[in-house]
Amino acid sequence: MRRRAAVGWTCSASIAALAVLGAAAVRADEPSAVQASLERPLLEPGQVLREVRAFLEPRFIKPPQATDRTAWEREAQRVRRDMLEQIVFRGSAAAWRDARCGVVWLDTMDGGPGYRIRKFRYEALPGMWIPGLLYLPDDLHGNVPVAINVNGHAPEGKAVDYKQCRAINLAKRGMLSLNLEWFGMGQLRTSGFAHGRMNQLDLCGASGLAPFYLALSRAIDLALELEHADQDRLLVTGLSGGGWQTILISALDERVTLANPVAGYGSFFTNLAFGDMGDSEQAPADMAMVADYTHLTALRAPRATLLTYNAGDDCCFKSGHTLAPLLAAARPIFALYGAEDRLRSHVNHNPGTHNFEQDNREQLYAAIGDYFYPGDATFVRTEIPSEGELKTPEELLVPLPEDNVDFHRLAETLAASLPHQPDLPLDSAGAKTWQRQKRERLKALLRVPNYEPAKVVSETIDTPSGQVMLGLRVNVGDTWTLPISMLRAHGQHVAKTLVVADSGRASAAAEIERLAGEGNFVFAVDPLFFGESQVKAQDPEYTYPLLVSAAGERALGIQAAQLAATASALHKASPEQGGDLPITIKAIGPRASLTALVAAAIEPEAIAGVELSGALASLKQLIETDKPVEALPEMFAYGLLAEFDVRQLVALAAPRPVTFQQPDQRARRELAPLVAWYGLFDAEFDPAR
């Protein structure tokens with residue numbers, strides 16, 4: 001006999017009468033007693049942040065150590081190889097590494113005394129054009145040093161004043177000086193180039209870091225092909241995100257002979273401890289398993305390096321906590337080469353804020369003099385006043401194609417053919433084999449931890465208006481403590497429901513009361529990064545799932561495992577908590593819905609069914625609606641869409657009921673093939689319900 005409607009649709013159910021609860025009527029503008037209980041904190045202040053730190057720190061690779069030069073050079077070769085192959089060019093991004101890309105040289109404009117400015121654009125990868133400016137000294141003889149000036153999070157981009165001053169000053173010293181635009185800034189300040197869109201590429205199984213690296217490496221290619229370019233005197237320098245770009249390319253590309261990153265990066269350890277986590281590119285998936293930024297700094301040995309930080313930095317990477325760990329890691333490596341004098345540092349006090357102003361620039365000029373012009377007493381080490389020569393953004397505008405490829409457009413192209421194996425086997429034996437194999441693959445892809453059933457460590461009892469409300473703190477694994485609220489109404493109970501909501505359990509008070517009124521034991525949980533289990537620290541919340549990913553884990557896998565462990569514990573609960581009644585997960589919102597669906601896919605025993613409200617019909621909708629990682633961070637798990645879409649996750653849950661509330665036509669179309677699939681499990685699915 002077939003089970004009826006193992007997967008189906010429901011519209012908004014009518015609100016059941018709450019008389020069984022004995023609930024007192026409340027004014028519409030007053031919170032109910034249930035909501036007041038749900039809003040009461042169950043965790044200690046700062047507990048989530050402490051647990052996140054305790055979880056992450058052991059997973060970060062330790063700083064480099066070497067007492068033998070030969071051993072270090074083997075290690076350096078491994079780190080560079082692994083960073084490029086496993087992090088920068090992982091997945092389908094590997095094909096971009098050797099792609100044919102072009103350079104277009106455009107008009108030349110007057111600069112100021114002693115130099116001209118030539119405009120150009122070049123491709124980071126096919127169709128992705130980057131604007132650039134080449135500051136050309138008027139009097140060029142022989143080979144001269146080349147400087148690549150990269151910019152950080154300055155909305156003015158290549159036109160920002162301190163960067164123009166630097167590029168001009170270097171040209172006036174006889175250097176070929178390039179000024180490059182950066183993704184999301186200046187002319188590339190579009191939503192499609194916003195850094196949170198690089199995670200759309202990650203979702204598709206192509207490293208979002210690759211375009212950042214290629215924009216730099218291909219700039220070096222074109223710079224060293226310039227007439228008069230000295231192959232042995234190449235500088236890269238920049239502030240903030242430009243400092244991050246500087247260390248990334250200067251560590252991994254040995255053609256960079258002088259690097260001056262300014263207030264651009266710190267160790268993963270100090271970033272976590274002091275709230276210095278940056279955008280997506282600074283914490284790419286799995287990087288912290290391969291290399292910390294202490295390693296990238298050490299990889300500079302024995303090439304000249306000036307680390308500049310600011311004493312009172314009002315953005316990030318304050319010198320007091322950032323600089324020392326980098327120097328401690330790198331100095332012994334430079335010493336192996338007898339090159340201690342090639343690692344310098346400077347702490348800026350005037351103005352001491354997040355800057356690359358005159359003091360920091362003059363430190364750079366001094367380093368250029370020492371390393372590129374040794375013994376030249378005529379080399380000018382102080383700022384050459386050039387403020388009157390600055391150009392407007394309009395004057396520095398570089399023509400770009402209207403259809404310039406950005407992160408979002410690139411992701412749209414990749415997603416069109418994903419997942420790689422979308423079809424489901426339509427025979428019973430093949431279906432069960434597919435489920436067994438794909439369940440294990442999903443666990444591996446999302447790095448799903450194997451948690452034992454959750455354990456209650458403390459509880460509080462509240463009785464709002466005749467109901468019994470338990471506030472539970474439960475342990476999951478060796479690290480996590482989750483807050484769970486249980487609502488039990490008087491009378492006969494027919495089922496247990498575990499509620500999870502994007503905005504936290506307190507936001508679901510009305511739904512929780514409705515479910516209790518229908519005879520459910522209702523448990524409302526906040527997994528990691530939901531509701532009360534948000535970190536609530538200095539950094540934006542979305543950066544913590546990114547750091548979890550950088551450490552080799554996946555927030556979505558942890559959250560799903562927490563739900564599964566909670567469901568397993570509830571499945572074996574005491575009679576006072578519903579006994580062996582079946583457990584359905586009620587998820588509210590796209591994040592909660594995906595987490596619940598993954599939990600059901602990996603836990604075939606304890607979870608009896610899933611009801612999804614606000615779920616996506618396809619992960620491709622994250623790209624189609626151009627969502628950045630900031631909005632739905634754990635949903636951009638690296639490579640998930642390459643192998644699984646929502647349809648495949650539902651197929652893993654079969655034959656248990658998976659209900660999508662208020663499905664649109666897209667959902668009906670995406671999940672229609674599951675009619676035949678559920679039939680293989682002696683169950684029916686009717687998309688018209």
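The model is predicted, so local features need pLDDT of at least 70, side-chain atom pairs count only at pLDDT 80 or more, and totals for chains, interfaces and linings use all residues. Residues are numbered from 1 along each chain as its sequence is written, and side-chain values use heavy atoms, without hydrogens and water.

The protein chain holds 23 helices and 19 strands. Both are DSSP runs numbered from the N terminus (helices: H or I, at least four residues; strands: E, at least two). The radius of gyration is 29 Å, close to the 26 Å that the globule rule gives for 689 residues, so the chain is as compact as a globular protein of that length. This radius is taken over C-alpha atoms, and the rule is 2.2 Å times the number of residues to the power 0.38. Along its principal axes, the C-alpha trace spans about 95 × 55 × 50 Å.

Of the 689 residues, 61% are buried. Buried means under 20% relative accessible area (1.4 Å probe, protein chains only). Contacts are heavy atoms within 4.5 Å. Among contacts between residues at least 6 apart in sequence, 77% join residues at least 24 apart.

Helix 21 covers residues 646–653. Eight of its eight residues are buried. Among them are Val646, Arg647 and Gln648.

Asn404 lies in the loop between helix 12 (358–372) and helix 13 (407–415). Asn404 is buried, with a relative accessible area of 10%. Not counting residues up to four places away in sequence, Asn404 touches Gly127, Met128, Trp129, Leu188, Phe193 and Arg409.

Definitions and conventions. Buried means under 20% relative accessible area, exposed over 50%, partly exposed in between (1.4 Å probe, protein chains only).
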